[in-house]
Amino acid sequence: MIYKKAQIISNNKINMSLIKARVASLRDYVSEDDEPDGKYRILRRIKTRYQRIAVVKQANGKVLIYGDGYVMFGTTEDDNMWAESMVHIPMAFAKKKQNILMIGGGGGITTREVLRYRDVKAITVVDIDSVMMQLGKNLKPLVKFNRGSLRNPKVRTVIQDGRAFVVKSQKKWDVIIIDVPEPSYKSLALGRLYSREFYSLLKKRLAPGGVITIASSLMSEMPEFVWSIMATLKASGFYVVPYHFDVMKRYGEDWGFCVAATRPISFSSMKISLPTRYLTSARLKSMFHIPSKYLRKWGKRKIQTDNNRVLASIHERH
């Protein structure tokens, strides 16, 4: 376990070479940019085939799960806000809510929200990293937070690349929720989960009246990333509505999302059938109102394909 700003002492002197090696090793798991405020402990560090995972416990008792230095999810209030934004918007637009596909979401938090709907019959959660899925199933603070969602009898967990799973499956889903990391030059393969080719495949896997939601990074930092996802969905034959969750005052961020369907959809036709903590009427109205400062970047949109680096290039510029 490592405490923030801990020193390594050797023979009553600071051993600088050991400090540098220890810090370099730490930064592979918890980046300086995304380091928790205050004291914290790293409970576990795990290097998997796909990433470096850290389980971090803060002084307030909250647990954070890092992937390659950045927070993926945790047991915090903003994780509840994120889960409500990811789940209840598409569920409100969907004609049916019986069969749900979730690509990403190994932490089980969004699955917890989906399970609140009584008409849900089956949820398939696909994650490429078995360690992430095992944390969602077995890490006690996380299991308590996600209410044991990944072990619910309605839930099937699959360890596989999300696109490979969809290619092999002939099943149709009422709602598809995609929550995966952004492509970067270090992870260009992730672009295949955002491409026109993949979205065209998802269109074939939607049941009549079905809906897709895509987590679309930070609208506050790179709105052109959101607009490129929107343009790519449109090029794949979808009707698309962007929305956002503004937490600028609290976290300095504004999260972007795109909800898409094979029929016209609009905020006026949406109704959430369950009580939620954060999606109040006023909040929902603001979520579907896109500020002009973001809309000005619409002209910089480009379409992501299997063969280009559109989203990775945007990510690298920011």
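Predicted model: local features only at pLDDT ≥ 70, side-chain atom pairs only at ≥ 80, totals over all residues.
Residues are numbered from 1 along each chain as its sequence is written, and side-chain values use heavy atoms, with hydrogens and water left out.

Me: What is the order of the strands in the open sheet of four strands?
Reply: Strands here are DSSP runs (E, at least two residues), numbered from the N terminus, and two of them pair if DSSP finds at least two bridges between them. The pairing in this open sheet is antiparallel, and the order of its four strands is E3-E4-E5-E6.

Me: Which residue in E4 stands opposite Ile 46?
Reply: Strand E4 covers residues 52–58 and runs antiparallel to E3, to which seven bridges join it. Within E4, the residue opposite Ile 46 is Ile 53.

Me: How are H8 and H12 oriented, roughly parallel or roughly antiparallel?
Reply: Helices are DSSP runs (H or I, at least four residues), and their axes are lines fitted to C-alpha atoms over the stretch in contact, with angles from 0 to 180 degrees between N-to-C directions. Helix H8 (residues 223–235) and helix H12 (residues 310–317) pack at about 170°, with their axes 9 Å apart. Angles over 145 degrees count as roughly antiparallel and those under 35 as roughly parallel, and therefore H8 and H12 are roughly antiparallel.

Me: Which residue in E13 is the bridge partner of Tyr 239?
Reply: E12 pairs with strand E13 (residues 253–261) in the antiparallel sense, over nine bridges. The partner of Tyr 239 in E13 is Ala 261.

Me: Which residue has the backbone nitrogen that the side chain of Thr 305 reaches?
Reply: Thr 305 lies in the loop between helix H11 (292–295) and H12, and Thr 305 is buried, with a relative accessible area of 13%. Its side chain reaches a backbone nitrogen at 3.1 Å, and that nitrogen belongs to Asn 307.

How values were computed:
Parallel < 35°, antiparallel > 145°, perpendicular 65-115°, else oblique. Buried < 20%, exposed > 50% of the residue type's maximum accessible area, 1.4 Å probe, protein only. Polar contact = N/O pair within 3.5 Å; in protein donor to acceptor, adjacent residues only side chain to side chain.
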